[in-house]
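Please read the briefing below alongside the sequence and the coordinates.

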Amino acid sequence: MIGNPLTILTLFPLCASLLLMLVHWAAAEDRQADLSKWIRYINLGVALFMLALATLIGLESFSADLTGIGGWVGLGWHNYLYDNCDQGILRAGGCAVISSIGVSWHVGIDALSYPMVWLTTLLIPISMLVDWDQKRGAYFHSLILMMEGALIGVFVSLDLFMFYVFWELTLIPMFFLILLWGGEDRRYAAQKFFIYTFAASVFMLAGILMMYFHNPVPDWGVGNLTGNSFDLVLMNEQVADSSFISGGMQSLVFLLLLIGFATKMPSVPVHTWLPDAHVEAPTAGSMLLAGVMLKMGAYGFIRLSVTLFPESIIKYQWLLVLLGMVSLVYASWVCLGQTNLKRLVAYSSVSHMGVIFLGVATLQPLGIAGAIFMMFAHGIISPLLFAVAGAFKKHYHTLEIGSMRGLAHHSPWMSAHMMVGWMASLGLPLMAGFVAEVAILIAFWMTFGWLVLLPALTLIITAAYYLWSMQRTIFEGSGEVELPPTMGDDEPRDITWHENVGMMTLGIMAVIFGILPGIFFVMMSGWSSDLISTTFVDLMNSLGVEP
Amino acid sequence: MMPIAAMLLFPIICYKIGWDAIDSSIFIVAIPLVVWPAIAIIGQVWKKTDWWKDHLKEGGIIALAALAVSLCLTVWLIISFLKDHGSFGAQDSDLASFAWLNFDILAHDGVSWEILGTEKLGFTIGFGIYVDALTLMLLFVAAFLCFLIGWFAIGYMTTDAVNEDRNHRFFAEFLLFSCGMFGMVLADNFLWLFIFWEIMGLCSYLLIGFYWEKPSAAAAAKKAFMTTRVGDVFLMIGLFILYDLYHSLSFEVIFDPAITGTVDPERLRLALIMMFIGAIGKSAQFPLHVWLPDAMEGPTPVSALIHAATMVNAGLYLVARMFPFFGAAGFEGEFTDVALLIAWIGGITAIMAAAIAFVANDIKRVLAYSTMSQLAYIFAGLGAACWFANTGHPEYAALAFGAALFHLFNHAMAKGMLFMASGSVIHEMHHAHHHTDGGEDDGAGGSEGDDHFDAQDMRNMGGLAAKMPVTSVAMMLGSMSIIGIPLIGGFWSKEGIIGQAWHAAISQDGGAMLVPAVLLLATAGMTGFYMSRMWFMTFAGKPKSEVAKHVGEDTHWIKTPLVTLSIVTAFTGAIFAVLNFPEWLGEGEELMHGIESHGLAEQVVAVLEHTFLPHESTLMVVGWTAIVISAVLGPFLAARIHGGKLARGEQANAFVGWLVQISGSVGRTNVDEVAKSGFALALHNRLYIDDVYEWVIARTVLPLGRLLAWFDASGVDGVIKGIESGSQASSSWLRLMTTGSARDYILMATVGALCIFALMWGVA
C-alpha cells in the first residue's frame, strides 16, 4: 500500500503538512520566525516533488504498452492505473480499511481523473509561490499543502466512503484560509462557504448511502457485516450488468447527488456562496478554490452520475441543459453589472462551469471530452485570473474597477498577465479555453441545433465584460495617473518576481494546451468514446431515444 | 544587412536539408510565431539600452528579418507552384501538419444510434497547409506588404518621441499579426482559418489601443474587438453547421467534387449566411462597419497593414473560399439569394462609405472610408461571381471571381501605399509643428495636439507637392489606382467588376443584381471625386496653415517603401492584366498562356480590346461611363472645389506638377451652401449609425446587467440570507424552552412521560 504512488500523492502532503504545523507550534517563540521561512521552503519542496511524481505517473502510462494512440489512452475507460495494494487485496482491488461496513482503500486514476490530479499538483506550488509573503506563512503554506492531499484524495478515491471523507476534508483548510487570512468580511464568507457546501454535501451523502445499500459484495472476505461495500468499481460492474439501481429510486439518487455536485460546481441557483468566498479569500485560496475545488463537483458528477446512472442522464437531459444554460447566460449578464474585480471573475467562473453541464448533456463523445477538457482548461486559466486580481488588491489596496486606471503605466507586467488571462478566459483561440468551447459547441449544435445560438451569443457578452474591465484598469489614465485613495502613501509598483513566475507559468500552460490540446484531449476523448459506446449507445437504442 | 542575409540563408538551408517549398512553408507561420515573444520580452527588459534602440531599432530590425524570411519563403513557394502547377492543390506535408483534436461522433442513422469513427478516435481536426492560386496571391500580398510596412514602421515609429520605450511592443504585436495572416491563408481547414482570424483580431485590438493612455484609443480598440466579435460568433456557428454537414472542416474533404454537393442545401445556405456575417464584421461592411473609422486611432503603419491591406481582406478571403459551394453540382439555383445578399451588402456599403468620405477632413478617415468602399466593390464582384456560378454560368463566374480578386490585389498594394504616404505627411506635419511653434504633443497621430493642432486634418495642409515630392507622387499613383484611371493599377480590375456586375444585371433573372450594379457605377464617380479631393486638399493649392509651410521629407525608411510601391502600383496592374492574372485566379489558367499562344504584342492588344471595346454593347456603355465619371468628372469637380496652383516660387516635380497646374486652371466653385446642409451634417456624423448602436447598448445591455447583478445579490442570495436569519430566529425561539427553572423542567419531564405511557398503551 505504501508503494502505490497514488497513496503517496494523497497521504504524504496531509501528513507532512500536519507535521510542519506541529513543529512550528511546538517551537520556541524566538525560533519561530526563522523556522517559518524554512517551513515555507519545505512546503514548496514537497509540492514540487508531488508535481514531479504526478508527471512521472503520466509518463509511465505513456510508455506502458497499452492499447491506443501512443499509450496515453492506456489511462482509459475503466483502465485504472495502480489499483492494487501489497497485501489483503480485495475482490475489486482495494485494501480493507473498515471491513465491517465495507470501506476499503481503493485508489486508481484513469483518463478522467489523471488530468485533475496533475492540475492539482501544478496549482499547489504555483499558488504557494504567488502568495509567498503571506504572514504566519508556516501555517498558511501548510494548510495549502493539506489541501493538496485532500484534493488528490477526492480524485483518486474509488471507494465512495473515502471519496466523501476527502470531499469534506477539503473544506477544512479552505475554511481556515478564508477565516484567518481573508478580507474584511471574512467571517461571514468563511461560515457561508462552509455551511452552504457542507449542507449540500449531506444530500450527496444520502445519495451515496442509498448507493451503498444497493451494492452487495458476498465475497468481501474477513469481517464484513453488512454485506455491502462502498466500492465504485463494483458499482460499475453492476451497471454493466444492468443490475444497479433503476427506476424511480435511481432518479431520487441522481437528484440527491445532483444537489451536492451542483452546489460545488457551482451552478445557478445554488451558486451564491462563491462570490462572497472568492472576494474574501486570500489569493492562494481563491486560486485553489476556483482552480480545483470547483472541479471536484464536475468530476464527481461525471464519475458518479454519468457513469452509474445513464438512464437518469438521458431522462434529465433537459434539466442539465437548463442548469447549464442558466448558469452560462445569467452569470455572464451578472458579470456585466459588477464593479468589484474579484466578484466579476467569480461570476465568470460560474458561467464557465455551466458550460460543463452543457457538454455532458450533448451525450456526444466530443461534448463530454470537451466538458472534461473545460474542467482542465478552466483550472489553468481561472487561477491566473485570481492571481492577477489578488495582485491588484495587494498592490493597489482596492478591487473597484475604474478606481485605478492606466495600470500599464506603473505595472506593465501585471497588465500583461491580466491581458493574457482575460483573453484566455474569453476564449481566444490558441489558448486552452477555446479548445473546450469549440468542442462543446460543435457537439451542442449536433445534438440541440439552433439552441447553440444562446451560448454562442453569450460569448459576445463575455468579451464585453472582460474588455470593459480591461479598459478601465489597464488602459486610459492619460496624463497624470490618479492613484486611488485607498493607496494612502504607498507608491504604485509592479508585481514581485514570485507573482510574475507563477502567473507566467499559468499563462504558458494555457498557451501550450491551446496549441497542443492533444496531450490530454486524446485520453479524455478515448474515455468519453468508450463511455458512450459501452454504456449509452445500447441504452439509447433500447429506450428509443430520438435525435 | 541582417535582414537581407537572413532572407537568403534560410530557404537555402531548407533546400539543402531536403525540404521542398511546401514543407518549408510552415516556417512562414512558425518563425514570426516564435520571434514575437522574444522581441516583447527582450524589449521589456532591455528597453533603455543603446544597442536595443539604435542598432536594433527597438526590435524593428529583428521583426523585419523575420518578415524577410517569410517573404523569401513565399516567393520560393510561388515559383514552385508556377513550375509544378499540376502537382499542387491540397497538400499532405508531414512537416507542416499536425492533429489538434481527435474524437468520435455519436450519430443516428435513422434506425439506431451508433458510434462513428473510432479505431481509437476516428475524426481529426488538425492543422495542415493548403496551397492554390488564391492562397498564393493573398500570401504574397500579405508577406510583401508586411515587409514593406514593417520597413516603413521602423522609420515612422522610432523617430517620434511619443513612442519611445514602447516600440518593442509595437513590433512584437506587428509580428504576431503577420503570423496570424500567414497562418490564415495557409491553413487547410476552416477551423484553423478561424483561429488565425481571431489572432489577427487580438492584434488589431492591441495595436489600435497602442496609445492606450488616450481614452479615445482604448475605446476604439474595444469597439473594434466587440464588433468583430459579433461577426465571429456567427462565423463560428456557421462552422459548426458545416462540420455537422460534412463531418470535416478540411478544404480537401469539403471541396472534393464528389462530396460537396451531397448535403442538405437548406442547412448549407444557413451556414453560408452565418459565415458571411462573420466576413462582414471583419471586412467592415454595413452594418458591422462602425469600427473601421475609429480604428484610425492606431499608429499609421497599423492602419496601413491591418486595416487596409491585410486583415480586412480576411473577410474577402473567407467569401472567396466559399465560392466553390456556389458552383457545386447539385446546388443549382439554391444559393442565388445568398449571392444577391453578398452583392447588395457590397453595393450599399460602397456608396455609403463613398458619401461619408465626401465630407471627411481627416486624411486617414478618408482613406478608411475609401477602404470600406473598395472592399465593398470586391464583395459585390464576389457576389456577382457566386450568382453566376449558382445560375449555371461558370465561365462568367470565373471572370467575375478573377476580377474581384485582382481588385483585392491592386487595392491592397495601393491602399497600403496610400496609408504609408499619409503617414509620411502626418509625420512631417508633426515635425514641422514642433519646429514652428515649439509645441508639445501629447499623443502622436491623434486629434488632440497641445494647442489642438491636428496634424491629420487636411484643412491644415495644402501645397505639399512642392515640399514632399516622393510622397506626392506616391499618393497620386495610389489615388489613380483606386479611382481607376485607365491603364493604372486598379483600373484593370475595377472595370472587370463593374462589367461583370452589369453583365449579371442584364442576364436572365438577374434583375435583382441591378441595384448593386447601379450603386457600383455611381460609386465609381464618387470615388473619383473624393480621392481627388483628398489629393488636392493636401498637395495642391497654397499652404493653409503656418505648419504646412515648413514641411520637409527625410528618412529613407519611409521613402523606400513608398518608391517601391509606387512602381508596383503603376505597372503591375497592366503587367498582370497582360499575364491573364484574373483568369489564373478564377479558372486556374496558366499565367503565360496568353503570351505563349498569341505572342506578346498580340496579347497586349487583345487585353486592351477586351477592356475598352467589349463585345456586349451594354457593357461597353457601362465601361465608358465608368471611365468618364471616375477619371474625368470626379477629379474635375474636385479640382474646381479644392484645387489650385502652388504658392508663388514653389515648384513640384514633373510627375505631379502637371496635375497641380491643371487643377489651378479649371476655375473655382463655391460649395459652402452644400457643405452646410443637413445631409452634409448627417454625413459628418457617419449617418448616425454609430449613435444608434451606442444608444441601444446603453439602454438595454448595460442596464440589464446591472439589474441581474442586483437580482443575484438580493434575490437569489436573499433566499439564502432568509434561510440564515430564519434558522437563527427559530433557534432563538426554541431556546426559550430552556428557562432555567427546575419547576418547568419537572413539568416537561412529567408531561413527556405521560405521553409515552399513553402511546405505549395505545399501541398495546
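B:Arg269 and B:Glu266 are 3 residues apart in helix α12 (residues 265–282) of chain B, so about one helical turn separates them; helices here are DSSP runs of H or I with at least four residues, numbered from the N terminus. This is a predicted model, in which local features need pLDDT of at least 70 and side-chain atom pairs count only at pLDDT 80 or more, whereas totals for chains, interfaces and linings use all residues. Residues are numbered from 1 along each chain as its sequence is written, chains are lettered from A and ligands numbered from 1 in the order in which they are written, and side-chain values use heavy atoms, with hydrogens and water left out.

**Salt bridges**

- The side chains of B:Arg269 and B:Glu266 meet in a salt bridge at 3.4 Å, N to O, the term requiring a side-chain nitrogen of Lys or Arg within 4 Å of a carboxyl oxygen of Asp or Glu.
- B:Arg269 is buried, with a relative accessible area of 16%, while B:Glu266 is partly exposed at 46% (buried means under 20%, exposed over 50% and partly exposed in between, with a 1.4 Å probe and protein chains only).
- B:Lys721 forms a salt bridge with B:Asp717, with the closest N and O atoms 2.8 Å apart, and these residues lie 4 apart in helix α31 of chain B, about one helical turn.
- Salt bridges that share partners join A:Lys192, A:Asp276, A:Arg343, B:Asp717 and B:Lys721 into one network.

**Between chain A and chain B**

- The count between the two chains is 1 salt bridge, formed by A:Lys192 and B:Asp717, whose closest N and O atoms are 2.9 Å apart.
- Both partners are buried, A:Lys192 at 5% relative accessibility and B:Asp717 also at 5%.
- In all, 76 residues of chain A are in contact with 62 residues of chain B, contact meaning heavy atoms within 4.5 Å.
- The buried area is about 6200 Å², of which carbon and sulfur atoms give 76%; this is the accessible area (1.4 Å probe) that two parts lose on being put together, summed over both.

**Aromatic rings**

- A search of the whole structure finds 70 aromatic pairs over all chains, where rings of Phe, Tyr and Trp (its six-membered ring) pair if their centres lie within 6.5 Å, and planes under 30 degrees apart count as stacked, over 60 as edge-to-face and the rest as tilted.
- A:Phe513 and A:Phe520 form a stacked pair, 5.5 Å centre to centre with 5° between the planes.

Key: Helix = DSSP H or I, 4+ residues; strand = E, 2+ residues; numbered from the N terminus.
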